[in-house]
Amino acid sequence: VEVRKPSERELSDLKVSSWPIWTKEKSKFDWHYDDKETCYILEGEAIVRYQGKEVRFGKGDLVIFPKGLSCEWEIVKDIKKHYKFG
């Protein structure tokens, strides 16, 4: 799982504002990625745990989840994100 702060140019180049939006309230759930997902966090904060690791991210972060990843999501603050598969 890759987490970084993207530049405005990168967000523009990726056309992030045209991606669909997903929202979820504070919760905890298991998830499996059948495809790579790239998302940009608009609001909130979450922790994703996988293979003994923990990654925390929030507003302003660009997060890339690899295809085949199985993990547990813990949404600490209600989350809103743009996302794209593939």
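Two strands count as paired if DSSP finds at least two bridges between them. Keep that in mind while you work through this predicted model.

**Exercise 1.** Work out which strands pair with S6, and in what sense.

*Solution.* Start with strand S1, residues 2-4: three bridges join S1 to S6, and the pairing is antiparallel.

**Exercise 2.** Decide whether the two faces of S6 are covered or open.

*Solution.* Take the strand, residues 62-65, one side at a time. Leu62 and Ile64 sit on one side, and both are buried. Val63 and Phe65 sit on the other, and they are buried too. So both faces of S6 are covered, given that buried means under 20% relative accessible area.

**Exercise 3.** Classify Glu45 as buried or exposed.

*Solution.* First, find Glu45 in strand S4. Its relative accessible area is 17%, so Glu45 is buried. Next, look at what it touches beyond four places in sequence: its contacts include Arg56, Phe57, Glu74 and Lys77.

**Exercise 4.** Describe the lining of the largest pocket.

*Solution.* Begin with the space inside, about 160 Å³. Then list some lining residues, among them Trp22, Trp31, Glu37, Trp73 and Lys81. Sort the lining by class: seven nonpolar, two charged and no polar residues. Finally, ask which strand gives the most: S7 does, with four residues.

Technical notes:
Residues numbered from 1 in each chain as written. Predicted model: local features only at pLDDT ≥ 70, side-chain atom pairs only at ≥ 80, totals over all residues. Heavy atoms only, no water. Buried < 20%, exposed > 50% of the residue type's maximum accessible area, 1.4 Å probe, protein only. Contact = heavy atoms within 4.5 Å. 1 Å grid on protein atoms, 1.4 Å probe; cavity = no way out; pocket = protein on both sides within 12 Å on 5 of 7 lines; lining within 4 Å. Points joined across faces, edges and corners; volume = space filled by probe spheres on them. Nonpolar A, V, L, I, M, F, W, Y, C, P; charged D, E, K, R; others polar.
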